[in-house]
Every structure is written in C-alpha cells, then in structure tokens.
Amino acid sequence: MMNYDSLLNKTALDIPPSGIRRFFDIAAEMDDVISLSVGEPDFPTPWHVRDVAIDSLQKGRTGYSPNKGFTALCREICNYYSRRFGLDYDFRTNAVVTVGGSEAIDLAIRTLVNPGDEVLVPQPSFVCYAPIARLAGAKAIPIVTRREDEFRLTAQALSRSITKRTKLLILPYPNNPTGAVMRREHLEKIADVLRDTNIMVLADEIYSELTYNNIPHVSIASLDGMKERTVVVNGFSKSYAMTGWRLGYALGPEPVISIMTKVHQYAIMCAPTTSQHAAMEALRAGDDDIVKMRDEYDMRRRLIVRGFRELGLDCFEPEGAFYVFPSILSTGMSSEEFCEKLLREKHVAVVPGNAFGECGEGFIRVSYAYSTAHINEALRRIGQFLKEENIINETRND
C-alpha cells in the first residue's frame, strides 16, 4: 500500500486549489447557470489569425520550433512593444516565447528567486503569483491595496514592505480582479522607491491592450532606469481572444531571459508551433481586432457598473481588464457565503473576492467578458437574490 502523503511535495500539497476554478466546477454540474466567473473572451479568435494557423497545418509546418520561439515571432513581439509602448528590445537576446503568460510568470519567478527570498505581491491580484513563489522556495509577502486608493499599489505601501530579503515585486496591472490601472504618475513613484535597490520587477501586462477612458497603458519598463530591472510578461489570450492557443512571452534583460530560456528548454522544450504562426499574424494585422473587442468590453463595463450601482452595491469603476469588483459588505454575508448562495439559489456564478487574497473579503469578482444578454440576465437574477435576502426593496428593471 503506497503512502502518498510521504511521497508528495509538501509545498505543493499545502497550496490550496484556485478559488476561481472551484466555483466554475460547481457551476459546470448545474443547469441554467449564468456564469460570470471566468476571465475568457467570448469572441472567437479572428478569422485571419485562424486562417494562417490552418494554412500552416496544411503545409505541414508541425515540427518543433527553436526553444525560445521562432525568430520571426520574437522579432514581431519586439516590434509590437516598440510601436505600442515605446520599448525597444533585441529579438535575439531579450525575448522568449512561452506556453501562455502563465509559464512566463513561472519561469521569471523560478529564475529570479532563491529559497528564503521574499516576493512582494500586491493584493487583490490573480491567484498564481504567491503559489509559484512558494513552489520556488520563496516567501510571498502580500501588499494590501485599498478601495480608497482605487486598488493601486502606492509607494508608501511598497516602502513599508521592503526588507533585506526582498528580491522581486509583482506588478499586475491592469489588474485582475479589480480592473485597476497604474498611470504613469503612479508608476513613477514606484520606480523612485526601486531605483536604488537590487529588486527586480515582474510586470504582468496581459491586459495591456484593455484600458478605457482614453487611458493608455504605460509599462514600468519604459521609465528611466527600470528596463534593466523589469521582466515584462504578456501574451495573446486577452488581447486577441486566443486563450486556447496557449501562447505568451517574456521580455527582459539578457542575463535573465537566457536563464528563463534554459529552464523553459528543459521543462517545456518549445511553445506550440501552430500557435506561433497564428501569433505572428495577430501581431502584424490584429490592431483593428483589438479596437473592436475593446470597444465592446467598454460598453459592457459601463453596463455592469451601472447595473450593480442600481442594485445598491458599491462598485469601483474599473479602468482596465474585463472585471468589476463590487463590494457586498452591505449584505452582511461573507464573500464565500454570498457566492455560494447566489449560485445555489439563482444559478449565477461569480467568484468570491478572498480568492484573490484575504483583503478581497467583502468583494466579489465579476467578469464582463460575456454578452450583454448574459450580463443583463445575471444582473436581473442578482437583483432577485438581493430582494429575497431583504437587502434591496425591488429588483432592477431591464
């Protein structure tokens, strides 16, 4: 009889499962569920991108690529960052193509931290950073961001969190789950704290193309003195509706990228070939696709913020990504209780805020990467739920 408890990695054993997937899995077993729980575009990958992938398959371009990705794709990625964000990278030494942005995050953390190091993680934030840091033997230190600061990381909070063991700062903006954006003036203050340190930055910019109110994305790597201490992570899932293609990339200093590529070489070998051909087309000819999808998300963003406010729930107006993070403190329920009751009673799936860090308690994450009909029906059911819980007097009228 095998004793698996003695065999399994203790750190991996102790890491809790994702709070996002738990509610998604429950909803998958139920009928008539309106799910606003998963951050996946409801748009299909644009046809011109799919056509290039199909053509590559028909021509038998199905072998391995170089470990770091096709040279042509690395060149296109660097051209893209130059023209969109004003950052110049050498495609030969500063880029690596990965299996989604998630692998790029994993590679960067494993490359940069040693056991006992500290990784600073602003929260609420996406669920992967702290577990990956723990798996690398580092300690994840949460930095609480607050509603009154529009969920931005402040220089004061960062300064208070730095110790002699601090090795890496995660900078996940535009932010999942809050939709917060760091503008240039906010990033400059963060950069001022870091410039005289030996601390690296992992800038997760997967939502860089999804900003609203005419607020352009600014990469911290573009600020004076920050490029040399920043690894930028991005990908194709959100901007180009290519979630299932599993393709991302990292840009950064050559000494870091070379080690990331070496780890990638042993762990993964290379990213999917067909996806790489499709990604080149997306970068070359996909700007109009981005604008079309972003405009649709913006309309949905305004719809859902207005809807929650009409229901009496305080809702921060997101300036990026495709999530809202309304407060449910007025209901008297915990985030878990609210989400479970809403799912069981009204078949609406959203994610408890504490899945993104303890400071997310009292909030829920709701994705608006869904149709307006989907969103309106979810708001109607949430209104019924709040009325039946005696939290509001009447339901929302659509």
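Me: With which residue does Asp 298 form a salt bridge, and how far apart are the closest N and O atoms?
Reply: In this predicted model, Asp 298 and Arg 301 both lie in helix α12, three residues apart, which is about one turn of the helix. Both residues are buried. The partner of Asp 298 in the salt bridge is Arg 301, with the closest N and O atoms separated by 2.7 Å.

Me: Is Arg 300 buried or exposed, and which residue is its salt-bridge partner?
Reply: Arg 300 has a relative accessible area of 3%, and because buried means under 20%, the residue is buried. Helix α12 spans residues 287-310 and holds Arg 300 and Glu 296 four residues apart, so about one helical turn separates them. Glu 296, at 25% relative accessibility, counts as partly exposed. The closest N and O atoms are 3.1 Å apart in the salt bridge that Arg 300 forms with Glu 296.

Me: Why are Arg 110 and Asp 106 separated by about one helical turn, and what is the distance between their closest N and O atoms?
Reply: The two residues are four positions apart in helix α6 (residues 100-112), which means a separation of about one helical turn. Arg 110 counts as partly exposed, at 41% relative accessibility. Side chains of opposite charge can pair when their charged atoms come close. Arg 110 and Asp 106 form a salt bridge whose closest N and O atoms are apart by 3.1 Å.

Me: Which residues are linked with Arg 83 in a network of salt bridges, and how many salt bridges does the structure hold?
Reply: The network links Arg 83 with Arg 84, Glu 209, Asp 287 and Arg 294. For the structure, the number of salt bridges is 27.

Me: How many residues of strand β5 are buried, and which residue of β6 is the bridge partner of Ile 170?
Reply: Strand β5 covers residues 166-171 and is mostly covered, with five of its six residues buried. Four bridges pair β5 in the parallel sense with strand β6 (residues 200-204). These two strands also form a right-handed β-α-β unit with helix α9 (residues 184-194). Within β6, the bridge partner of Ile 170 is Leu 202.

Me: Over how many bridges do β3 and β5 pair, and which residue of β5 stands opposite Glu 118?
Reply: Strand β3 (residues 118-123) pairs with β5 over three bridges, in the parallel sense. The residue of β5 that stands opposite Glu 118 is Thr 166.

Me: Which helix makes a right-handed β-α-β unit with β3 and β4, and what is the bridge partner of Val 121 in β4?
Reply: β3 and strand β4 (residues 139-144) run parallel and are joined by six bridges. The helix that makes the right-handed β-α-β unit with them is α7, residues 129-135. The bridge partner of Val 121 in β4 is Pro 142.

Me: What is the order of the open sheet of three strands, and which residue of β12 is the bridge partner of Pro 352?
Reply: The order is β9-β12-β11, with antiparallel pairing. β9 (323-324) and β11 (351-352) stand at the edges with a single partner strand each, so one side of each has no neighbour in the sheet. Two bridges join β11 to the antiparallel strand β12 (residues 364-367). In β12, the bridge partner of Pro 352 is Ile 364.

Technical notes
Residues numbered from 1 in each chain as written. Predicted model: local features only at pLDDT ≥ 70, side-chain atom pairs only at ≥ 80, totals over all residues. Heavy atoms only, no water. Salt bridge = Lys/Arg side-chain N within 4 Å of Asp/Glu carboxyl O. Buried < 20%, exposed > 50% of the residue type's maximum accessible area, 1.4 Å probe, protein only. Pairing = 2+ DSSP bridges. Right-handed = clockwise from strand over helix to strand, strands pointing away.
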